[in-house]
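Hello,

Here is the structure I promised to pass on to you. Please open it first, and then read my notes below.

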Amino acid sequence: MKAMVDQETCIGCGLCCDTCDAVFRMNDDGKAEAYQTVNSEDEPTVQSAIDNCPVSAICWDESAD
């Protein structure tokens, strides 16, 4: 399973990185990106990042399934 961060919407607050640094990191543009595939252990934390993103920039990547 993969997560996806909309680069146009992301404001670079870093909340997702703080929530789940095993999946999210900040890129060179100061925006978050999902750089790892989500394992079942990290799914709840990634869902928390999705739910708490202040601009709703993160979602599950349905095309990756």
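Let me start with Glu43, which is part of helix H2, the stretch covering residues 43-52. Please keep in mind as you look around that this is a predicted model.

Glu43 has a relative accessibility of 30%, so it counts as partly exposed; that class lies between buried, under 20%, and exposed, over 50%. If you set aside the neighbours within four places in sequence, Glu43 is in contact with Met1, Val38 and Trp60. Met1 sits 42 residues away from Glu43 along the chain, and the C-alpha atoms of the two are separated by 8.5 Å.

**The salt bridge**

How many salt bridges does a search of the whole structure find? The search turns up 1. Its partners are Arg25 and Glu33, whose closest N and O atoms are 2.6 Å apart. Arg25 has a relative accessible area of 40%, so this residue is partly exposed. Glu33 is partly exposed as well, because its relative accessible area is 24%.

**The cavity**

Counting cavities of 30 Å³ or more gives 1, and the volume of the largest cavity is about 100 Å³. Its lining is made up of 15 residues, and those nearest its centre are Cys10, Cys13, Cys16, Cys53 and Ile58. What kinds of residues make up the lining of the largest cavity? In that lining, 13 are nonpolar and 2 are polar, with no charged residues.

Happy browsing, and best wishes

Conventions:
Residues numbered from 1 in each chain as written. Predicted model: local features only at pLDDT ≥ 70, side-chain atom pairs only at ≥ 80, totals over all residues. Heavy atoms only, no water. 1 Å grid on protein atoms, 1.4 Å probe; cavity = no way out; pocket = protein on both sides within 12 Å on 5 of 7 lines; lining within 4 Å. Points joined across faces, edges and corners; volume = space filled by probe spheres on them. Nonpolar A, V, L, I, M, F, W, Y, C, P; charged D, E, K, R; others polar. Helix = DSSP H or I, 4+ residues; strand = E, 2+ residues; numbered from the N terminus. Buried < 20%, exposed > 50% of the residue type's maximum accessible area, 1.4 Å probe, protein only. Contact = heavy atoms within 4.5 Å. Salt bridge = Lys/Arg side-chain N within 4 Å of Asp/Glu carboxyl O.
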